[in-house]
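Biologist: I am new to this structure and would like to go through it by question and answer. Please show it first.

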Amino acid sequence: MEDAVVVKDLTRVFGDFVAVDRVSFSVKRGEIFGFLGPNGAGKSTTIRMLNGILMPTSGQAHVLGFDIYTQVDRIKENIGYMSQKFSLYDDLKVIENIEFYGGIYQVAKQKRQQRYEWALRMAGLTDKREAITGALAVGWKQRLALGCALLHEPQVLFLDEPTSGVDPKSRRDFWDLIGEIADRGTTVFVTTHYMDEAEHCDRLGLIYRARLITIGTPEELKYGSMPGTVVEVEASDPVRAADLVRNVNGVLEAAVFGANLHVVVRDKKEGIRTISRVLAGAAIEVTSIRPIEPSLEDVFVSLIRSEDLADENGARDAAGS
């Protein structure tokens with residue numbers, strides 16, 4: 001079975017600004033594929049090109065075998081799309097929004113009532129069907145938008161930052177829904193900058209400064225992308241501690257995570273000894289220091305800093321020549 005999405009050297013340029021730079025990847029049918037990256041990295045631009053909303057500058061892509069240049073209408077018939085901004089009508093009732101999108105997606109007349117009731121149940125809005133959409137909390141609005149995007153039973157669902165601005169509990173509930181949708185065979189392509197959400201994905205692509213810099217499962221990224229061991233340091237002054245250990249021999253990265261410090265070291269034993277000695281010499285009290293399993297946030301920070309360093313070295317080499 002062919003992949004649901006296939007992308008090769010996809011590029012989008014706005015004037016002198018390169019928004020997406022020769023991105024290549026594929027998405028398997030039935031998987032949850034996460035497109036992870038900071039704001040402005042190129043996530044939304046990529047998803048808009050795959051949806052046929054924005055034409056690429058160059059490159060190739062197929063969604064369900066349909067070409068994004070010549071078969072946009074066929075793509076739109078077979079996908080669902082939930083944009084970053086809430087796209088429903090606040091002044092309509094919940095059921096009126098569902099009926100409106102049922103018409104937009106051309107849901108067959110004999111199936112409309114069944115699909116409308118399904119969307120209400122899936123979103124948990126059966127008892128709020130007559131409520132004005134604008135009066136709903138943000139989390140409920142997002143569930144309603146998801147229900148509308150799935151009315152026509154699309155094979156691929158594109159979600160662009162679907163939980164932006166949503167409270168933590170609503171985000172968890174929303175991801176439970178995404179898991180249920182994928183379990184029924186729908187391919188889900190989701191963009192996010194939340195690391196905890198990325199853990200729910202089958203595979204991840206990390207995009208930074210318009211370039212795709214790595215791709216793999218969460219486990220592959222955590223254990224195959226880190227250049228050393230992550231050591232967690234609980235210290236009395238983590239910010240000052242980070243500044244001190246960054247320049248220590250054998251330390252590759254150091255960043256503050258919450259109340260603690262995460263340090264990437266080449267050698268675990270030597271790294272722990274050196275960090276302990278440096279912080280003790282600076283009168284910083286260390287409560288605990290231990291190796292830990294890397295998080296996706298550790299991977300994200302490490303890969304981005306490596307990318308920045310490579311760019312800086314390239315710029316220096318270019319200036320020197």
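Biologist: Is Tyr89 buried, partly exposed or exposed?

Modeller: This is a predicted model. Tyr89 sits in the loop between strand E6 (79-82) and helix H3 (94-104). Its relative accessible area is 39%. Buried means under 20% and exposed means over 50%, so Tyr89, with its 39%, is partly exposed.

Biologist: How much accessible area does the nonpolar patch with Tyr89 have?

Modeller: Tyr89 forms this surface patch together with Phe100 and Ile104. The accessible area of the three together is about 280 Å².

Biologist: Which element gives the most residues to the lining of the largest pocket?

Modeller: The largest pocket has a volume of about 490 Å³. It is lined by 20 residues, and those closest to its centre are Lys76, Ile79, Tyr81, Ile104 and Tyr105. Helix H2 (72-78), E6, H3 and H5 each give two or more residues to this lining. The element that gives the most, with four residues, is E6.

Biologist: Is Gln142 buried or exposed?

Modeller: Gln142 belongs to helix H5 (residues 138-149). Leaving aside neighbours within four places in sequence, Gln142 is in contact with Met82, Phe86, Pro162, Thr163, Val166 and Phe174. Its relative accessible area is 7%. The limit for buried is under 20%, so Gln142 is buried.

Biologist: And Thr214, with 17% relative accessibility: on which side of the limit does this residue fall?

Modeller: Thr214 is part of strand E10 (residues 211-216). Not counting residues up to four places away in sequence, Thr214 touches Leu204, Gly205, Leu206, Leu221, Ser225 and Leu303. Because buried means under 20%, Thr214 at 17% counts as buried.

Biologist: How much space lies in the largest cavity?

Modeller: The search of the whole structure finds two cavities of 30 Å³ or more. The space in the largest cavity is about 50 Å³.

Biologist: Which elements each supply at least two residues of the lining of the largest cavity?

Modeller: The lining of the largest cavity consists of Glu253, Ala255, Phe257, His262, Val264, Asp298, Val301 and Ser302. The elements that each supply at least two residues of this lining are strand E12 (251-257), strand E13 (260-265) and helix H11 (296-320).

Terms used. Residues numbered from 1 in each chain as written. Predicted model: local features only at pLDDT ≥ 70, side-chain atom pairs only at ≥ 80, totals over all residues. Heavy atoms only, no water. Patch = residues over 30% accessible without salt bridge, like charges linked within 9 Å, V, L, I, M, F, W, Y side chains within 5 Å. Areas by Shrake-Rupley, 256 points an atom, 1.4 Å probe, with all protein chains shown as cover. Salt bridge = Lys/Arg side-chain N within 4 Å of Asp/Glu carboxyl O. Buried < 20%, exposed > 50% of the residue type's maximum accessible area, 1.4 Å probe, protein only. Contact = heavy atoms within 4.5 Å. 1 Å grid on protein atoms, 1.4 Å probe; cavity = no way out; pocket = protein on both sides within 12 Å on 5 of 7 lines; lining within 4 Å. Points joined across faces, edges and corners; volume = space filled by probe spheres on them.
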